[in-house]
Each structure stands twice: as structure tokens, then as C-alpha cells.
Amino acid sequence: QEQLVESGGGLVHPGGSLRLSCAVSGSIFRFYVMGWYRQAPGKQRDVVATITTRGGSTTYADSVKDRFTISRDSAKNTVYLQMNSLKPEDTAVYYCGARRALGGTFDYWGQGTQVTVSS
């Protein structure tokens, strides 16, 4: 089975930090690329950050770069998203995704974890 399980979401004040985790049922090297997406109510699901599992090359949405950091730990079969300086507009359900190829669609998804940034 292929399972991605997110954790670490919650309620945080503006300017605060959260660290999201995505645990893979097997080795992360089953996938070429893993990443984080987010979706706010009534809005489309947008990519936040991606990382290649082998080389560690990363990409970030302009709205989160310099605030968020994606990383991976192959020994723990886990991908992380460190979120700093959180803003209310970061509020969304965050999903972990994975794909087996460099390109293409993210065919594997977790159930999502809610992140709420509010005073």
C-alpha cells in the first residue's frame, strides 16, 4: 500500500511557526518528487513547495519562499515543511503529495492537516 500521513497542523498566531510532517508508508525513494499543497475554502489547491527525494532540489511558491522550508529525512521516510512567520493568508488544509516521475501529476496524497493562523 502507498500511504502518506500528514501531521503537525493546528492553530497558531500570526508570526508563529509550525512544522508539518508527511510520513510515507515505505521508502521515500519510491517517489521522485514529494511536495506540499494547500487549499483554502472555496479556492483551488495550490503548490506550496516540492523536493526531489534523491537530490533534495526544492521549489517554493512565491508567497512562502523565505518563510517556509521543505526538507526530507530518508532514514525516517518523512518529508517536512517548516513554516515560519505565518500569516492569516496561510490558513488552509495542507496536503502532502508524491509522484514517481520528475514530471507529471501527484498521484499520491495524504488526508490533509488543517493550519489556521489567527489572533
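Cys96 is buried, at 0% relative accessibility. Buried means under 20% relative accessible area, exposed means over 50%, and partly exposed lies in between (1.4 Å probe, protein chains only). Cys22 is also buried, at 0%. This is a predicted model, where local features need pLDDT of at least 70, side-chain atom pairs count only at pLDDT 80 or more, and totals for chains, interfaces and linings use all residues. Residues are numbered from 1 along each chain as its sequence is written, and side-chain values use heavy atoms, without hydrogens and water.

**The disulfide**

A disulfide is a covalent bond between the sulfur atoms of two cysteines. Here the cut-off is a pair of cysteine sulfur atoms within 2.5 Å. The structure holds 1 disulfide. This disulfide joins Cys22 to Cys96, with an S to S distance of 2.0 Å. The pair links distant parts of the chain: Cys22 sits in strand S3 (residues 18-24), Cys96 in strand S9 (residues 92-99), 74 residues apart. The link of Cys22 and Cys96 is left-handed, with -80 degrees about the S-S bond.

Strands (E, at least two residues) are DSSP runs, numbered from the N terminus.

**Around strand S3**

S3 is mostly covered, with 5 of its 7 residues buried. The pairings of S3 are listed here.

**Rings**

The structure holds 4 aromatic pairs. Rings of Phe, Tyr and Trp (its six-membered ring) pair if their centres lie within 6.5 Å; planes under 30 degrees apart count as stacked, over 60 as edge-to-face and the rest as tilted. Why is the pair of Phe31 and Tyr108 tilted? The ring planes of Phe31 and Tyr108 stand at 55 degrees, with centres 5.2 Å apart, so the pair is tilted. Phe31 lies in the loop between S3 and strand S4 (33-39) and Tyr108 in strand S10, so the pair ties together parts 77 residues apart in sequence. Phe31 is buried at 2%. Tyr108 is partly exposed at 24%.

Tyr37 and Trp109 form an edge-to-face pair, 5.1 Å centre to centre, with 80 degrees between the planes. Ring pairs link Tyr37, Phe106 and Trp109 into a cluster. Tyr37 is buried at 16%, whereas Trp109 is partly exposed at 31%.

Definitions and conventions
Helices (H or I, at least four residues) and strands (E, at least two) are DSSP runs, numbered from the N terminus.
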